[in-house]
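Please report on the chain interface, a pocket and the salt bridges of the model below. Keep it brisk.

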Amino acid sequence: MLLISCPHCGERAQVEFTYERTLDSVVTLAMPPEDAMRALYERANPRGLDDELWRHSYGCRQWLLIRRNRTTHAIESVKAR
Amino acid sequence: MSKYSALALLRGALTGQKHWQPAWRDPEPKKSYDVVIIGGGGHGLSTAYYLAKHHGIRNIAVLEKGWIGGGNTGRNTTIVRSNYRQPALHNFFDFALKLWEGMSDELNFNVMFSTRGALFLGHSDSDMTQLAQRGDALTCDGIDAELLDREQVRRLVLNLDMSRDARFPIHGGLTQRRGGTARHDAVAWGYARAADALGVDVVQNCEVTGFEMAGGRVTGVETSRGRIGAGRTGICVAGNSGPVAGLAGIKLPIEAQTLQAFVTEPVKPMIDTVIMSQSLHCYISQSDKGGIVLGGDPDQFPSYAQRGLAPRIEKAAAEAIALVPALSRLRMVRCWSGTTDMSFDGSPIISALPVDNLYLNGGWCYGGFKATPGSGFAYAQLLATGTSHPLAAPFAFDRFARGATIDEAGVGPWPQLR
């Protein structure tokens, strides 16, 4: 299990957190439709580091930005958002 | 290829068992092929087999980065069924199911396909309504589905917790009696052997590291064993579709997730059907060796780790024990995990890609094993002719842009919710 260091609560077990989406797939209201479709439906899906939005669902309920290696599960950084 | 038969076994027994040969050759890759298939899993090998058998193309290579049977083909829970609600899905999977029924004969390889039935449990009135709707949708397309009441489920599976205070009360179920299980690595071995016999080069330990492009089209692949020219190239690497398509500069509507499965020590026959629960997303069956095979949810966040997390084991075991209390006495002996291509509508992609001569078969989520023969059949037609098999046409790459997604779970473009 991953140990995620929440900037608000400290180190907590990964089961307390929910993965939401990659940072580059956030759709804004100002986006032209083509860009919004691209953000919704295209992923680099790398075998390595990516930036992801998670939520501390069973803790402080804050959104977090986690940079994580998808092959080793190593977490490079956790930032408040 | 010498044919496997009872007579050959008998002859071998009398001649010191000297008749055995390797099931497929170990060829050096040639300079070029008419069709190069990346990925030697069940889907890639069945694609090569049907290409050679039905489309007369014999100059084919299947490139596998590891060894045959070492990837997702051997990392699933071996369940075969076609009882999906969406017509595009159940028609496609039922086409595959019909191929499963004749597979051992066709390949001259015992894939141990066992039609022990696939039973969905209903735990509430709303579950039963959904199961009845699904059964109706299947029956309208001529696919077998049978709605069972509580008493019928009790008679079908003797070990279920049917008590009134059961954690997951059982109201009934929906069974597909033609469904069942098959020996997963035998499927890969059988297709590899049959494709090899038709002249297909099955090249192991050959990892594709790049595409060779000229004039906007793919003309070959760069591999760990040198450059190989290709007329058409088919990606068939579910689990790794993202990185491989990325080599051609294409981003896919796919995220990789880890899916785990578990098996207990072997016991005498105690569960003679496949038990599934969609409300819990738990599935239980007994292998021919006697082990109880369990599966649960994917990890629900992107991962290529090929190792699972303990909370999933706990959840799957807790659900299985709640459904079949006798399982609590068994020791879990093994767990394994595979990387799944979670597509954004939960359905596969069998399609041409925006680069000429490049095709994709992937996005099978956690349901690729049961599709193996149908997937290969349809993908072979696409690779041979450039046009989709009618049953695979709904699974085109551009369906997301067209708003024509096939979303069985109805959760939108969020693979972590599936």
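## Interface, pocket and salt bridges

Across the interface of chain A and chain B the rule finds 1 salt bridge. The term stands for a side-chain nitrogen of Lys or Arg within 4 Å of a carboxyl oxygen of Asp or Glu. That bridge joins the side chains of A:Arg43 and B:Glu255, at 3.1 Å from N to O.

The model is predicted: local features need pLDDT of at least 70, side-chain atom pairs count only at pLDDT 80 or more, and totals for chains, interfaces and linings use all residues. Residues are numbered from 1 along each chain as its sequence is written, chains are lettered from A and ligands numbered from 1 in the order in which they are written, and side-chain values use heavy atoms, with hydrogens and water left out.

The interface also has 12 residue pairs in polar contact, both residues at pLDDT 80 or more. A polar contact is a pair of N or O atoms within 3.5 Å; within protein, one must be able to donate a hydrogen and the other to accept it, and residues adjacent in sequence count only if both atoms are side-chain atoms.

On the side of chain A that touches chain B, β3 (18-22), α1 (33-41) and β4 (49-55) each supply at least two residues. Helices (H or I, at least four residues) and strands (E, at least two) are DSSP runs, numbered from the N terminus. The largest share, 4 residues, comes from β3(A).

In contact (heavy atoms within 4.5 Å) are 24 residues of chain A and 25 of chain B. About 2,300 Å² is buried between the chains, with 58% from carbon and sulfur atoms. Buried area is the accessible area (1.4 Å probe) that two parts lose on being put together, summed over both. A:Tyr41, A:Arg43 and A:Asn45 supply 30% of what chain A buries against chain B, more than any other three residues.

The second largest pocket is lined by 25 residues; B:Arg183, B:His184, B:Ser287, B:Lys289 and B:Arg334 lie nearest its centre. A pocket is an open set of points on a 1 Å grid over the protein atoms alone, where a 1.4 Å probe fits, with protein on both sides within 12 Å along at least five of seven lines; lining residues have an atom within 4 Å of a point. β16(B) gives the largest share of the lining, 3 residues.

| Pair | N to O distance |
|---|---|
| A:Arg43 and B:Glu255 | 3.1 Å |
| A:Asp50 and A:Arg70 | 3.3 Å |

A:Asp50 lies in strand β4 of chain A and A:Arg70 in the loop between β5 (63-69) and β6 (75-80), so the pair ties together parts 20 residues apart in sequence.
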